[in-house]
Amino acid sequence: MLLHIKDSGLKGVNNIHELRYGKPEMYFKSSDEMAKLFKDFPQAFENTLEVAEKCDVTLQSDLKMPTFPIPPESKSTTLEEYLEELTYAGLDKRYPQQTAEILDRVKFELGVINRMGFAGYLLIVQDFIVQAQKKGVRVGPGRGSAAGSVVAYLLGIVNVDPIKYDLLFERFLNPERVSMPDIDIDFSDDKRDVVIDYVKEKYGEKSVAQIITFGTLSSRAVLKDVGRVLGVPLSTINSITEKIPVIQGKVTKIKDALLLPDLRWVGESDDPKLKELIEYASTLEGMARNSSIHAAGIVITPGDINDYVPLYKSGDSGLATQYTMKDLEAAGLLKMDFLGLRTLSIIDNTLDQILKNHGIAVDLDKIDLEDAKTYSMLGKGKTVAVFQFESGKMQESLMKLKPTDLEDLIAMNALYRPGPMENIPEFIDRKHGRKQIEYIHPIMEKSLKKTYGIIVYQEQVMQLVQDISGFTLAQADSIRRAMGKKDQGEMLKLKILFMEGAVKNNIALKTAEEIFELLIKFAQYGFNKSHSCAYAYLAFQTAWLKAHYTAEFLAANMTAEINDLDTIVTLIDEAKVFDINTLPPDVNRSVATFMAIDSQNIVFGLAGIKGVGISAVESIIKAREEKPFTSFYDFALRCDSKVINRRVLEALISSGAFDSLKIGHRAQLFAAIDSALEFAKNSGEKDNNTDSMFGGEMKEMEIVEPKLPTIPNWSETERLEKEKEVLNFYLSGHPLMKYRPHVASFSTLMLNKKDSPLIGKPVRCCGLITSIRTRLDKKEQTIAFVMMEDFYGKAECIFWSESYKKWSHFLKEDAVVLVRGKSELNADSLKIVVEEVIPIEDTIPKFAKGFSISINSSTVSTDDIEKVKKLCISKNDSKIMFSVMEDGNRRSQFYAPAKLPLTQESTNALTQIFGPSNVRFVVE
């Protein structure tokens with residue numbers, strides 16, 4: 001079965017029983033069988049034994065560190081001396097005022113590092129970080145436990161102060177537990193290869209290799225593979241795999257999935273094919289399916305890597321080790337993760353745009369970490385595109401927390417994970433004084449004061465163990481690890497020592513017991529503060545950029561997500577929240593990527609248009625450097641006709657890239673493509689003929705452009721359809737725009753909210769039907785899979801046979817409807833099992849009880865209110881709720897008596913007066 005799976009060329013049903021070795025002897029024979037085979041050659045047995053006795057192999061697992069060359073200008077003679085030299089050189093830069101605590105910490109860390117033989121390791125890391133920065137590669141502020149080392153901070157390996165944020169060196173290196181340090185580095189994802197190339201140049205091409213990794217057969221994957229080999233219909237396989245949940249990033253195993261109500265029928269089925277499917281899939285589940293290259297791992301050896309580890313060559317990815325990450329560590333080889341982090345590339349792009357637009361070179365390591373504007377934005381939950389803080393639930397938590405310093409962000413970053421997340425409400429209530437901060441014993445306040453008495457970090461567990469029992473921090477780290485791994489035997493031994501130390505510290509036995517149990521609970525899911533601190537620092541930098549240079553920051557994020565429709569739509573909508581416009585592509589000012597042209601406008605990038613390749617973009621930019629384009633024909637004439645063809649012109653016109661020229665509308669330009677290409681060709685030929693006939697300098701001849709055809713412009717629907725075809729979404733409008741109040745009021749779930757608490761529950765969603773796919777189920781009844789999108793995202797609406805019979809007459813492409821059903825999240829795809837469909841026109845009488853209007857106190861006029869009064873012609877009373885806004889915050893709210901008809905006409909009129917985003921329906 002496994003061999004059939006690996007043969008990707010096989011198609012259709014395969015007979016797995018025919019795949020057999022030609023002779024039934026492919027196994028290790030017993031001694032008796034071998035004696036019988038070699039009865040005429042008894043010396044063969046003696047020779048075999050002699051060879052075995054001569055074999056003596058000892059596998060060395062000692063540290064094999066590549067040689068780091070000490071620069072000739074240094075007076076140091078050993079790696080340890082050179083490490084101290086660089087460390088103390090960084091001391092004055094990082095700590096102008098050096099206390100005894102700082103100096104003692106540096107001396108202690110250097111002693112441990114040198115004693116454990118890791119001076120070379122830190123020097124290697126420090127060297128390629130310095131070189132990366134010299135080569136213009138942005139490096140992250142740190143990640144993992146390395147941020148707890150003051151020496152790493154002084155060397156520039158990490159960029160957060162371990163002493164200021166109570167980070168512990170022993171979480172990084174434990175002198176009582178000798179193991180290889182683990183320093184993973186983030187680089188901007190578009191320049192990561194620059195650093196790898198430097199390492200290869202420094203230590204030798206043959207001493208550096210990537211690392212192999214193995215893809216395993218998860219329950220979903222193995223069911224699909226086995227089902228394909230057995231010939232089980234794909235529809236049947238999908239009906240099983242789509243019901244297998246992913247919990248905390250892990251796909252549920254087959255045996256557990258079959259116990260779920262939705263999949264119980266599979267295990268109870270008498271179908272022999274299904275029984276075979278489950279039997280083989282269960283056996284193969286978890287096995288390696290294929291090999292690939294680790295996304296970040298790099299190994300560096302002291303010499304030719306082939307002398308230390310077997311190699312593997314795959315396709316065009318170059319050489320990789322046959323050992324995985326863990327095996328390399330066991331073999332004592334230097335393994336590092338060179339991670340590409342998109343956020344760093346986004347920061348670089350943002351800073352470049354700030355320099356261009358404002359003439360300011362921002363140094364993010366010198367910004368005010370107490371900046372009020374940034375914390376105000378975070379407290380309002382405006383964190384779309386803010387690193388680590390952009391999910392919906394995190395936004396809600398931040399709005400409740402109202403963070404005021406980096407410690408709050410560090411804590412939220414650590415708490416926002418399965419398990420600790422349950423403590424977020426308590427953390428918030430304690431911060432704001434709604435709940436009392438309590439400690440089992442006063443001695444705990446020292447470690448827990450900054451997190452309001454709640455254990456959040458692994459480092460706090462270590463500090464508490466030290467404070468209560470008198471353990472060293474190295475011993476405390478050992479007990480933390482034992483607790484985290486639930487090592488009962490080790491914990492029992494350590495508990496005895498813990499209790500003895502607590503009693504010596506005048507802590508009652510009962511109290512010590514209670515604290516120990518509390519530590520066990522939190523050690524299992526407490527987070528590494530060093531990592532949380534470094535990433536919160538990076539998150540604050542992105543938040544600061546968004547708060548102070550919003551247009552540039554969002555434009556950089558749009559560029560990074562240029563191929564992700566859902567995210568682009570979210571970012572464009574976020575720009576609107578900050579009163580920033582996203583303008584169509586423009587042949588006279590767009591570059592390849594998204595670009596903020598000022599603080600209020602972002603221009604779409606030309607490379608984001610389907611059908612416009614990079615060569616066409618380069619031609620456009622080169623041609624306009626001389627002077628701006630003045631017309632469509634001028635554009636065709638001056639750009640390279642080898643790359644600007646009909647397809648490119650169609651895409652540019654459809655995207656609105658010529659709108660700013662204000663000469664002809666899109667339909668006219670579209671109809672003029674052939675004449676523009678012919679005009680450019682003929683004009684070029686005339687120039688060539690003139691040169692060849694007369695030579696010398698000629699006065700510039702006036703070129704007469706053809707006239708554009710007189711035809712009507714496209715309808716709004718046609719314009720938007722063509723926009724979406726080339727941009728992947730609607731830019732100058734949206735078919736749903738006239739129904740924006742309906743979407744905002746009647747939808748209980750927006751289609752981008754994949755972390756909503758409503759996932760798995762009944763929901764209502766309004767949207768535009770973009771595609772319909774039907775097929776037959778097992779009973780040969782029609783079912784349908786309908787893609788629907790709103791302003792923010794999309795979802796697949798599933799119509800089983802009964803619901804399809806009932807509602808199929810409403811299912812048409814481009815129809816706007818409200819669906820009611822149960823939401824599900826399959827991998828990263830939102831699905832809705834539909835129970836009811838309502839045409840959007842019928843939603844007002846079904847759900848609306850009145851209108852809700854947001855008005856800005858500084859911009860609303862008496863004329864606007866008079867216009868509303870004139871609409872009040874209904875015989876029945878209806879509700880109008882006014883919300884008065886100031887600076888985006890609601891200051892007051894009141895109901896006004898009215899007789900305003902609850903109709904689409906009234907809705908259209910109100911949106912004309914106040915804008916579609918300020919009109920909602922009152923729903924009870």
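**View 1. Helix α4 gives the lining of the second largest pocket its largest share, 5 residues.** The model is predicted: local features need pLDDT of at least 70, side-chain atom pairs count only at pLDDT 80 or more, and totals for chains, interfaces and linings use all residues. Residues are numbered from 1 along each chain as its sequence is written, and side-chain values use heavy atoms, without hydrogens and water. The pocket holds about 940 Å³ of space. Arg-94, Gly-156, Val-158, Asn-159 and Asp-365 are the closest to its centre, out of 39 lining residues. Elements giving two or more residues to the lining are α4 (79-94), α6 (119-134), α7 (150-155), α15 (342-358) and α25. By class, the lining has 22 nonpolar, 8 polar and 9 charged residues. (Pocket: on a 1 Å grid over the protein atoms alone, an open set of points where a 1.4 Å probe fits, with protein on both sides within 12 Å along at least five of seven lines; lining residues have an atom within 4 Å of a point. Helices are DSSP runs of H or I, at least four residues, and strands are E runs of at least two, numbered from the N terminus.)

**View 2. Helices α25 and α26 meet.** The axes of α25 (residues 529-548) and α26 (residues 550-560) come within 5 Å and cross at roughly 120°. The two helices are therefore oblique to each other. (Under 35 degrees counts as roughly parallel, over 145 as roughly antiparallel, 65 to 115 as roughly perpendicular, and the rest as oblique.) From α25, Thr-542, Leu-545, Lys-546, Ala-547 and His-548 meet Thr-550, Phe-553 and Leu-554 of α26. The contact residues divide into 4 nonpolar, 3 polar and 1 charged. (Contact: heavy atoms within 4.5 Å.)

**View 3. An open sheet of 6 strands has mixed pairing.** The strand order is β1-β8-β5-β2-β7-β6. β1 (185-188) and β6 (311-313) stand at the edges with a single partner strand each, so one side of each lacks a neighbour in the sheet. From one strand to the next, the twist averages 50°. Helix α8 (residues 192-203) lies across β1, β2 (208-216), β5 (288-300) and β8 (334-341), at about 155° to β8.

**View 4. Antiparallel pairs in the sheet, β2 with β5 and β5 with β8.** β2 and β5 are joined by 8 bridges. Here Ala-209 has Val-299 as its bridge partner in β5. β5 pairs with β8 over 4 bridges, and Gly-297 stands opposite Asp-337 of β8. (Strands pair if DSSP finds at least two bridges between them.)

Conventions
Axes are lines fitted to C-alpha atoms, for helices over the stretch in contact, and angles run from 0 to 180 degrees between N-to-C directions. Ala, Val, Leu, Ile, Met, Phe, Trp, Tyr, Cys and Pro count as nonpolar, Asp, Glu, Lys and Arg as charged, and the others, Gly among them, as polar. Grid points are joined across faces, edges and corners, and a volume is the space filled by probe spheres set on the points.
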